[in-house]
Structures are given as structure tokens and as C-alpha cells.
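Have the structure open beside you as you read.

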Amino acid sequence: MTGSPVAQHQLDLVPDALLAGRAADGDTAAFEALARRHGPLMRATARRLTGSLADADDVVQETLVQAWKQLDTLREPAAVKGWLLRILGSRSIDHLRKRRHHMDLDDVENQRDDSPRTRTQDPENNAVNASRVEALKAALAVLPEEQRRCWVLKEFNDQSYEEIALTLNISPASVRGRLARARITLARTMEEWR
């Protein structure tokens, strides 16, 4: 483990491929540097996939534990970011499956801005916005998982087709098809909100 902030900062400058290689050899400081580097994107992605900040933290934790245990399976150390996001996507889906029996993805309060400015706006506008968010969440919840994952990575994380393909371990053509089907379904479902 690195003791000083200077040593941590130096590791933060090391390319992913080298960090992943060192981490696969048991270097916990290198793995921690990867977690610091990709943690914010992983957390944001997990939050969008699970709909909950608390669930996102759990999923990121599970992902990092699984990644640490499976580092020796990483074939392309330079692609560690996509590899982590693939694990994260799988863990998010597993988490949603477990949770599906307990609730209907209704953690919208975790996603809304509850600052005093927002709460004091026009109540009708707040109600319409909350209904719109609920409608989108409901529409996303009924999409097939592979379409939802593609849509979230594209629309919320602004990833390219190639990045999504790498993250989900599918072809860019499959990404295009899944996104097209997801957009058609969402457009039909959200028609009244246009």
C-alpha cells in the first residue's frame, strides 16, 4: 500500500495497462489507483442502472471485489475500464433481479434535486416533472435488460457505440440494434410527455 499522497499521485499518472498488470500481480496500491480513476464513472453508471445511490455503492463495491479476484482473467490490460464496466453491468442487473421482488424501482427521491430552490418552485411544475421521471423509470423498467443497459450507457453516460460494445462485450451493430429498439419502445411509451 502506498503511504504518502505523493506516491498515490504518481500511481494516478500510470497508464491503465501498467496498473492492471501490476494489480494482477498482487499490487494493491495499483488496484486502488484503478479504483480511484474509474470509481466515479462506475458509481454514476451503477446509479443510473439501479436507480439508487445506495444500491450503486453496493454494486461498485461488489464489482471491485469481483474484479480483484478475477484480475488474472483480464486479457487486455489496456481495456481495464471496459472490463470493469462489463462486470459492473452484470452486478447491476443481478442487483436489480434481487430487488425486483421487493420494490418497483421507485427511488426517484434519490435522483431529484431537493435543494430549497427546487422545492419552492411551482408545485404544479414539480408534480409534472416528478410524473415525467416516474414515467421514464417505468418505461425503462419494462425494456429488456440488454436494451436498457445500452440506452443508459448512451443517453446518461454519453458513451459511443464502440465504447458500449466494449463495455457489454457485444458488437457495435448489436448496440445500434438494441438502441434503435429501445428508442422506439420509449418513444411510444413516452408519447404523452412530448
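## A bridge to start with

Glutamate 155 has a relative accessible area of 39%, so it counts as partly exposed. Arginine 183 is partly exposed too, with a value of 31%.

Please keep in mind that this is a predicted model. The distances and areas in this report are therefore computed from predicted coordinates.

## The overall picture

The protein has 10 helices and 0 strands. Reading along the sequence gives the pattern α-α-α-α-α-α-α-α-α-α. Of its 194 residues, 38% count as buried. The exposed surface comes to about 10,900 Å², and carbon and sulfur atoms supply 53% of that area.

The average pLDDT is 80, and 78% of the residues score at least 70. Which elements mark the two ends of the confidence range? Helix 2 (residues 16-24) has the highest mean pLDDT, at 93, while helix 6 (residues 116-119) has the lowest, at 47.

One stretch deserves a careful look. Over residues 101-120, pLDDT stays under 50. For this stretch the model has 26 contacts beyond four places in sequence.

In one of them, arginine 91 pairs with glutamate 62, with the closest N and O atoms 3.9 Å apart. This pair links distant parts of the chain: arginine 91 sits in helix 5 (residues 80-100) and glutamate 62 in helix 4 (residues 53-70), 29 residues apart. Both ends are partly exposed, arginine 91 with a relative accessible area of 24% and glutamate 62 also with 24%.

Arginine 91 has another partner, aspartate 94, and their side chains meet in a salt bridge at 3.3 Å, N to O. Because they are 3 residues apart in helix 5, arginine 91 and aspartate 94 are separated by about one helical turn. Aspartate 94 is partly exposed, with a relative accessible area of 29%. Through shared partners, salt bridges join Glu62, Arg91 and Asp94 into one network.

## A buried arginine without a salt bridge

Now turn to arginine 148, which lies in helix 8 (residues 145-155). This residue is buried, yet it has no salt bridge. Which side chain of opposite charge is nearest to arginine 148, and how far away is it? The answer is glutamate 145, at 4.4 Å.

The side chain of arginine 148 does have a polar atom 3.0 Å from the backbone oxygen of leucine 140.

## Loops on either side of helix 9

The loop between helix 8 and helix 9 contains aspartate 158 and serine 160. Serine 160, at 25%, counts as partly exposed. Leaving aside residues up to four places away in sequence, aspartate 158 touches Leu153 and Glu163. Serine 160 and proline 172 are 12 residues apart in sequence, and their C-alpha atoms are 9.2 Å apart in space.

Asparagine 169 lies in the loop between helix 9 (161-168) and helix 10 (172-189). Because its relative accessibility is 60%, asparagine 169 counts as exposed. Asparagine 169 has a positive phi, near 60 degrees.

Technical notes
Residues numbered from 1 in each chain as written. Heavy atoms only, no water. Helix = DSSP H or I, 4+ residues; strand = E, 2+ residues; numbered from the N terminus. Buried < 20%, exposed > 50% of the residue type's maximum accessible area, 1.4 Å probe, protein only. Lys, Arg positive; Asp, Glu negative; His and termini not counted. Salt bridge = Lys/Arg side-chain N within 4 Å of Asp/Glu carboxyl O. Polar contact = N/O pair within 3.5 Å; in protein donor to acceptor, adjacent residues only side chain to side chain. Areas by Shrake-Rupley, 256 points an atom, 1.4 Å probe, with all protein chains shown as cover. pLDDT = per-residue confidence, 0-100. Contact = heavy atoms within 4.5 Å.
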